[in-house]
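Trainee: Please take a close look at a single part of this model and describe how it is built into its surroundings.

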Amino acid sequence: MSSMQLEKLRMTGAGRAMAVLTSGGDGYQGLVDGGDNIKLAHWHSVTNIIQQGGTVIGSARCKAFTTHEGRLSAAFNLVKKGITNLCVCGGDGSLTGANIFRSEWSSLLEELVQKGRITDTLAKQHGHLNIVGLVGSIDNDFCGTDMTIGADSALHRIIEIVDAIMTTAQSHQRTFVLEVMGRHCGYLALVSALASGADWLFIPEAPPQEGWEDRMCDRLEGSRSKGSRLNIIIIAEGAIDRNGKQISTNYLVVKRLGYDTRVTVLGHVQRGGTPSAFDRILSSRLAVEAVVALMEATPDTPACVIGLSGNQPVRLPLMECVDMTKLVQKAMNENRFDEAVKLRGGSFENNWNIYKLLAFQKPAQSQTNHSLAILNVGAPAAGMNAAVRSAVRVGLAHGHKVYAVSDGFQGLANGEIQWHSVAGWTGQGGSLLGTKRTLPGKYMEKIVETISKYNISAILVIGGFEGYEGVLQLYEARNRYDELCIPMCVIPATISNNVPGTYFSLGADTAVNAAMESCDKIKQSATGTKRRVFVVETMGGFCGYLATCTGIAVGADAAYIYEDPFNIHDLKTNVEHLTEKMKKDIQRGLVLRNEKCHEHYTTDFIHKLYSSEGKGIFDCRVNVLGHLQQVWSHQIPTVYFLRKNREKQLSYLGGNIFYLMWRVFANSPESVCVLGLNKKVISFTPVSELKDETDFEHRIPTVQWWLNMRPVLKMLAKYQTSFDEYVPGEIEHVTRRSLSIDPGF
């Protein structure tokens with residue numbers, strides 16, 4: 001859980017007293033004890049905590065709050081402070097307790113009046129308690145929300161350790177068994193197994209079938225016989241067999257595995273560390289929505305939880321979520337494991353099915369007549385190699401011939417087609433295939449010759465804006481070359497996140513994390529020095545996604561981007577605003593600038609402007625992050641997105657194949673698409689449609705969803721921002737049907 005949750009306190013100057021607590025305490029214990037445990041928060045109370053893990057206001061279990069007397073004391077302490085709005089961040093137990101507290105509020109006040117502890121007037125002034133919940137859980141086990149606060153950071157810790165273990169496992173030809181948290185939920189184990197390409201997985205929702213021990217050993221022996229030097233087994237701490245007996249790491253090592261095997265129990269390292277960019281942004285957005293919900297609440301407003309649905313904050317009825325979450329455990333207790341997987345939601349079920357496909361499905365015994373060419377186009381982006389690996393393996397499982405093309409469209413034109421082993425590609429950054437920005441226009445005839453020579457039936461392009469634009473050129477050349485009448489698909493992979501037809505591109509989240517960690521270090525470098533402002537330039541071309549998301553994740557004072565035009569008067573206002581903040585308790589400032597946000601207001605210009613205007617108050621330094629944003633290995637959301645896409649992509653290529661004599665022929669607009677994640681839906685959008693939604697001069701979509709986050713950035717930087725600019729979340733109900741049809745993030 002991230003201390004970023006406390007950024008919500010910056011929003012409380014709207015005329016209502018509000019208490020914020022994490023699960024337990026000092027949480028509920030602080031409410032029960034009162035006194036100095038309940039303090040008035042100021043702007044500076046939450047300054048410079050965004051990068052801290054855990055929770056700075058404390059968290060602990062509170063037995064006293066489960067009793068009537070404990071809740072009576074809590075009500076008394078809140079009324080004394082004039083508080084009638086409560087924001088609770090915790091799990092289903094903490095949120096259930098908050099709902100009970102709310103339902104008893106009137107009777108608790110009546111009892112306090114009868115005992116003479118408060119006056120009747122005071123009771124009437126505080127006659128209703130508003131409750132809003134935020135779900136803080138690394139297990140991501142709360143029904144109704146796509147992601148809970150803290151889950152992504154825990155996955156980052158796991159993958160960092162898995163990557164480190166893989167090097168020693170490969171060196172010594174060892175099998176490693178990794179135990180991760182998840183007593184009742186296998187989310188961490190499942191997604192980390194997907195991201196790392198684990199050989200075997202144990203989760204409580206899907207116990208293995210009888211005889212799993214022999215099948216597991218056979219699989220490990222098979223991989224060793226094919227030259228693999230390491231095996232990774234991931235087990236959730238609550239993993240059980242079909243009889244409900246726990247599967248322990250000791251049983252795996254001592255009883256079943258005859259190899260040189262080591263066990264690593266990750267334990268509480270998964271809860272600690274610096275929050276990931278995704279968690280910081282998620283916490284900020286959900287916390288703002290929570291405060292807005294409390295400000296809008298009336299006595300008739302039911303208690304709600306703020307969740308994430310399709311990358312948008314939503315308001316969920318609290319007890320609907322709690323009841324549905326309890327149904328999962330009930331199904332597991334009654335050995336209805338298939339139902340338990342479904343109740344976890346469509347995303348969990350899809351991940352489980354994709355893991356089984358990638359881990360256990362073998363190449364087809366019979367070959368089809370179809371061949372798939374895979375190439376990377378554009379600048380390198382984290383996740384490209386993992387995408388190639390998944391596409392190759394699923395293609396082989398369907399009986400297709402798969403060609404790997406080096407150096408993008410230029411390599412396709414030159415016939416640089418070969419077979420690559422994709423083992424071990426998942427965790428590596430960059431592009432092992434090789435990638436170039438070259439467009440196919442001037443190589444069209446050579447590309448057609450290569451397609452004809454190798455009888456290529458479909459093309460999969462994993463790349464950035466150049467990949468999208470190149471495939472569009474191939475589509476428009478169909479009227480001249482029948483050989484181009486084959487299915488083509490683009491999987492967006494670029495740190496700029498500027499490909500139309502998708503909310504997210506592979507590599508974008510990794511780039512945000514790289515920029516965020518660099519900014520954290522830059523800010524830390526000024527610790528103990530005089531007041532200092534840093535001007536940091538990010539990549540992204542004309543697209544401001546990277547600068548905006550990084551700005552929210554690091555608590556930037558401003559982020560200048562092309563899509564949000566600014567002039568010299570805006571710059572002057574920003575400088576004056578930051579100068580006023582620096583005159584008080586603020587020691588460091590951070591200003592981000594997208595590399596192409598303005599032709600004339602360059603990074604050097606902004607640096608000199610801040611240096612001049614802040615003279616005598618703060619000094620200024622400039623940093624250009626450059627290509628370090630490109631070279632990292634993948635992060636969790638990058639892999640999560642591409643894994644979900646792989647089966648969809650192969651189904652699409654197969655569904656658009658029509659036979660004309662002995663070869664493939666597909667000439668409809670729908671046969672050339674961008675595969676994207678739009679809200680919760682993985683969709684194929686024809687490039688012919690996306691052409692009208694693209695600003696080709698600036699290489700960005702004409703409409704970009706993430707601009708809705710700009711008001712949050714400004715609010716948390718203490719700018720006077722009208723709430724008219726903020727789009728509040730909608731109310732969504734949580735039912736079995738909504739979970740079953742919901743594909744999840």
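**Core and strand**

Mentor: At least three of its residues come from each of domain 3 (371–506 + 639–695) and domain 4 (508–629), with bounds from an automatic or database domain assignment. This is a predicted model: local features need pLDDT of at least 70 and side-chain atom pairs pLDDT 80 or more, while totals for chains, interfaces and linings use all residues. Residues are numbered from 1 along each chain as its sequence is written, and side-chain values use heavy atoms, leaving out hydrogens and water.

Arg532 is in strand β16 (residues 532–538); strands are DSSP runs of E, at least two residues, numbered from the N terminus. The open sheet has 4 strands in the order β17-β18-β16-β19, with parallel pairing; two strands pair if DSSP finds at least two bridges between them. Its edge strands are β17 (558–560) and β19 (619–624). Between β16 and β19 there are 6 bridges, and Glu537 stands opposite Val624 in β19.

Arg532 counts as buried because its relative accessibility is 14%. Its side chain joins that of Asp619 in a polar contact of 3.1 Å (a pair of N or O atoms within 3.5 Å; within protein, one must be able to donate a hydrogen and the other to accept it, and residues adjacent in sequence count only if both atoms are side-chain atoms). The C-alpha atoms of Arg532 and Asp619 are 5.0 Å apart, although 87 residues separate the two along the chain.

Key: Buried means under 20% relative accessible area, exposed over 50%, partly exposed in between (1.4 Å probe, protein chains only).
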